[in-house]
Amino acid sequence: MTNPAAPRRHLPTSPFRRAPAPPPPKQFAVGDRVTHDEYGLGRVIGAEGDGEIAVLVDFGSRTERLPAPFPRLFLL
């Protein structure tokens with residue numbers, strides 16, 4: 001028997017394990033030091049929607065606007 005491709009759904013009436021809580025969304029503020037898998041080290045110089053929608057990051061040689069979610073951007 002093989003594993004199903006889709007993850008199992010949690011039934012709210014189940015007496016067993018609860019569904020894992022989703023991770024909180026990443027938020028960045030102006031001045032935060034960050035690292036990106038492709039662009040390297042940088043500093044947040046602008047934020048749209050308090051850093052929840054997109055951020056503008058200065059990586060030294062280039063400036064990039066990175067929209068949310070931020071899968072490859074990490075706070076230092």
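Biologist: Where is H36 found, and is H36 buried or exposed? Which residues is H36 in contact with, beyond its neighbours in sequence?

Modeller: Keep in mind that this is a predicted model. H36 sits in strand 1, which covers residues 33-36. H36 has 8% relative accessibility. Buried means under 20%, so H36 counts as buried. In the protein chain, 20% of the 76 residues count as buried.

Now look at what touches H36. Set aside neighbours within four places in sequence, and H36 is in contact with F59, L66, R72 and L73. The side chain of H36 also has a polar atom 3.0 Å from the backbone nitrogen of E38.

Next, step out to the strand. Strand 1 pairs with strand 2, residues 40-48, in the antiparallel sense. Four bridges join this pair. Within it, V34 stands opposite G42 of strand 2.

Then step out again. The open sheet holds five strands in the order 4-3-2-1-5, with antiparallel pairing. Strand 4 (63-67) and strand 5 (73-75) stand at the edges. Each has a single partner strand, so one side of each is left without a neighbour in the sheet. On average, neighbouring strands of this sheet are turned by 40° against each other, direction ignored.

Last, the whole chain. The protein chain has five strands and zero helices. Along the sequence, the pattern reads β-β-β-β-β.

Technical notes
Residues are numbered from 1 along each chain as its sequence is written. This is a predicted model: local features need pLDDT of at least 70, side-chain atom pairs count only at pLDDT 80 or more; totals for chains, interfaces and linings use all residues. Side-chain values use heavy atoms; hydrogens and water are left out. Helices (H or I, at least four residues) and strands (E, at least two) are DSSP runs, numbered from the N terminus. Buried means under 20% relative accessible area, exposed over 50%, partly exposed in between (1.4 Å probe, protein chains only). A polar contact is a pair of N or O atoms within 3.5 Å; within protein, one must be able to donate a hydrogen and the other to accept it, and residues adjacent in sequence count only if both atoms are side-chain atoms. Contact means heavy atoms within 4.5 Å. Two strands pair if DSSP finds at least two bridges between them. Axes are lines fitted to C-alpha atoms, for helices over the stretch in contact, and angles run from 0 to 180 degrees between N-to-C directions.
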